[in-house]
Amino acid sequence: MTSDVRNLTAALDSFTEHWAPRRLVTVNDYDVKVFKAQGEFTWHTHPDTDELFLVISGRLTIQLRDGDVELGPNDVYVVPRGVEHCPRADGEVSAMLIEPQGTVNTGDTPSERTSPVQDIGLD
């Protein structure tokens, strides 16, 4: 059973790429992903699902068309399905996402930032 244990710090230390989510674990039909961010992402929506952000370190701004949401360490925010948003990190951020399996990071707006989720591979 110990092979099922994942360490958040070790997971985040295992990669350096920004905006390239890594699957930490799967719970039922949901992926728990970690990612690093710096700079502005891309405006997009997820028409079929909400998206939960949990900031681990740094400060993340979720830009929305009607105003920004500022997140710091240990803050959680859910972007409702269908709401256009654009995450931005003025400095490096480490964060977690919870979303249904198969959710693409750029939602309905494929771009050069589209990144297939990779497993963290800590075993």
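**Strands, salt bridges and a cavity**

Modeller: To begin with the pairing of strands, β3 and strand β7 (residues 85-100) run antiparallel and are joined by 5 bridges. The model is a predicted one.

Colleague: Which residue of β7 is the bridge partner of Leu54?

Modeller: β3 and β7 are antiparallel strands joined by 5 bridges. Within β7, the residue that bridges to Leu54 is Met96.

Colleague: How many bridges join β3 to β6?

Modeller: Strand β3 covers residues 51-57 and strand β6 residues 76-79, and the two run antiparallel. Leu52 has Val78 as its bridge partner in β6. The number of bridges joining β3 to β6 is 4.

Colleague: Is Leu97 buried or exposed, and at what relative accessibility?

Modeller: Leu97 is found in strand β7. Leaving aside neighbours within four places in sequence, Leu97 is in contact with Asp31, Val32, Lys33, Phe35, Glu51, Leu52 and Phe53. Buried means under 20% relative accessible area. Leu97 therefore counts as buried, at a relative accessibility of 6%.

Colleague: How far apart in space are Leu97 and Leu54, C-alpha to C-alpha?

Modeller: In sequence, Leu97 and Leu54 are 43 residues apart. From C-alpha to C-alpha, the distance between Leu97 and Leu54 is 6.4 Å.

Colleague: What is the volume of the largest cavity?

Modeller: The count of cavities of 30 Å³ or more comes to 1. Residues lining the largest cavity include Trp19, Phe35, Phe41, Phe53 and Leu97. The space in the largest cavity is about 100 Å³.

Colleague: Which strands each supply at least two residues of the lining of that cavity?

Modeller: Among the lining residues are Glu51, Phe53, Pro87 and Leu97. Leu97 is found in strand β7, and β3 covers residues 51-57. The strands that each supply at least two lining residues are β3 and β7.

Colleague: Where does Asn74 lie, and is Asn74 buried or exposed?

Modeller: Asn74 also has a positive phi, of about 75°, without being a glycine. The place of Asn74 is the loop between β5 (67-71) and β6. With a relative accessibility of 65%, Asn74 counts as exposed.

Colleague: With which residue does the side chain of His18 make a polar contact of 2.7 Å?

Modeller: His18 lies in the loop between α1 (8-13) and β1 (22-27) and is partly exposed, with a relative accessible area of 31%. Not counting residues up to four places away in sequence, His18 touches Lys36, Ala37, Gln38 and Glu92. The polar contact of 2.7 Å joins the side chain of His18 to that of Glu92.

Colleague: Which residue has a side chain in polar contact with the side chain of Thr45?

Modeller: Thr45 lies in the loop between β2 (30-40) and β3, and at 12% relative accessibility Thr45 counts as buried. Among the residues that Thr45 touches are Gly82, Val83, Glu84 and His85. The side chain in polar contact with that of Thr45, at 2.6 Å, belongs to Asp108.

Colleague: Which residues are linked with Arg23 in a network of salt bridges?

Modeller: Side chains of opposite charge can pair when their charged atoms come close. Asp31 forms a salt bridge with Arg23, with 2.9 Å between the closest N and O atoms. A salt bridge of 2.6 Å, N to O, is formed by the side chains of Arg23 and Asp119. The residues linked with Arg23 in the network are Asp31 and Asp119.

Colleague: How many residues apart in sequence are the parts that Arg23 and Asp119 tie together?

Modeller: Arg23 counts as buried at 18% relative accessibility, whereas Asp119 counts as exposed at 53%. Arg23 lies in strand β1 and Asp119 in strand β8 (residues 118-119), so the pair ties together parts whose separation in sequence is 96 residues.

Terms used. Residues numbered from 1 in each chain as written. Predicted model: local features only at pLDDT ≥ 70, side-chain atom pairs only at ≥ 80, totals over all residues. Heavy atoms only, no water. Buried < 20%, exposed > 50% of the residue type's maximum accessible area, 1.4 Å probe, protein only. Contact = heavy atoms within 4.5 Å. Polar contact = N/O pair within 3.5 Å; in protein donor to acceptor, adjacent residues only side chain to side chain. Salt bridge = Lys/Arg side-chain N within 4 Å of Asp/Glu carboxyl O. Pairing = 2+ DSSP bridges. 1 Å grid on protein atoms, 1.4 Å probe; cavity = no way out; pocket = protein on both sides within 12 Å on 5 of 7 lines; lining within 4 Å. Points joined across faces, edges and corners; volume = space filled by probe spheres on them.
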